[in-house]
Amino acid sequence: MSVLLNSHQALLDAGYDPNYMLQPWIRRNYDDERKSALFFAVCNNDVALRIGNYELINLLLRHGANVNYYCKINTTHFPSALQYALKDEVVLRMLCNYGYDVARCFDCPYGNNLHIPEGYEGWSDAVIKDTLFCEVITVYWLKDLSGHVVRVMLDYMDHVTLCSKLKAALMEQPQWPDICRLQENVCCLQHLCRLRIRRCLGRLRLRSPTFMSFLELPQRLKDYILYREYDLYGQQSSALS
């Protein structure tokens with residue numbers, strides 16, 4: 001694993017783009033046509049995450065890998081990397097800390113109405129396009145994760161609107177009282193300022209250690225802006241060192 005990480009580090013230090021698209025002959029071997037190095041690393045969790053691939057994912061993100069990449073096959077309404085991090089809070093928070101577009105997960109055109117697509121006539125074997133987060137997280141094999149995943153996401157948002165389908169699933173989860181507490185109360189000014197500062201700085205500046213080092217702010221404020229309190233990977237690395 002150290003050899004792999006050193007190889008990636010050497011390539012990135014030499015100026016290689018972490019968002020460079022993989023060659024077509026490689027992409028053809030995968031149904032989802034994974035293209036970027038980050039997408040390959042995250043979605044390869046059957047092997048990669050089991051051998052401690054957090055460091056590789058963090059390395060790619062730190063060098064500008066796009067957390068908001070969209071897969072070409074079975075497209076979702078939200079950036080694709082999330083669907084491979086639902087069962088791993090370390091990766092989930094890593095993506096969110098680096099600017100994952102959490103708001104897209106709560107974007108649902110149905111609102112409080114029934115979730116029936118226009119023109120729906122029953123079962124179809126067609127590939128579903130633009131699948132909503134509420135449709136994905138409420139399937140029976142992921143439903144039990146919905147409370148935890150949404151609770152984590154709320155740490156990176158202001159107030160959100162829960163559609164009827166997502167709300168129904170969340171009400172059955174142990175995190176529901178905590179989610180209600182956050183939704184019913186106004187966010188503290190400190191958190192709102194953090195969200196505003198992050199939007200102004202932009203994803204590329206936030207992930208750049210060089211830019212942040214020259215930013216004339218107290219270190220504690222920088223850590224707060226970067227969600228260091230939720231950096232589970234960084235905390236684990238510090239505990240092991």
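Good morning. This is a predicted model, in which local features need pLDDT of at least 70, side-chain atom pairs count only at pLDDT 80 or more, and totals for chains, interfaces and linings use all residues. Residues are numbered from 1 along each chain as its sequence is written, and side-chain values use heavy atoms, with hydrogens and water left out.

I begin with the rings. A pair of aromatic rings is described by the distance of the centres and the angle of the planes. Rings of Phe, Tyr and Trp (its six-membered ring) pair if their centres lie within 6.5 Å; planes under 30 degrees apart count as stacked, over 60 as edge-to-face and the rest as tilted. Searching the whole structure gives five aromatic pairs. One of them joins Y140 and W141, edge-to-face, with 4.9 Å from centre to centre and 90° between the planes.

Are these two residues buried or exposed? Buried means under 20% relative accessible area, exposed over 50%, and partly exposed in between, with a 1.4 Å probe and protein chains only. Y140 is exposed at 70%, and W141 is exposed at 57%.

The pair of Y156 and Y227 is tilted, because the ring centres are 4.5 Å apart and the planes stand at 50°. Y156 lies in the loop between α7 (146-154) and α8 (164-170), and Y227 in the loop between α13 (219-225) and α14 (232-240), so this pair links distant parts of the chain, 71 residues apart. Helices here are DSSP runs (H or I, at least four residues), numbered from the N terminus. Y156 is buried, with a relative accessible area of 7%, and Y227 is buried at 1%. Ring pairs also bring in Y230, giving a cluster of Y156, Y227 and Y230.

Next come charges over rings, meaning NZ of Lys or CZ of Arg within 6 Å of the ring centre and within 35 degrees of the ring normal. R93 lies over the face of Y230, at 4.4 Å from the ring centre, and R194 lies over the face of Y224, at 3.7 Å.

R194 also belongs to the buried residues of α10, together with H191, L195, R198 and L201.

Definitions and conventions
Helix = DSSP H or I, 4+ residues; strand = E, 2+ residues; numbered from the N terminus.
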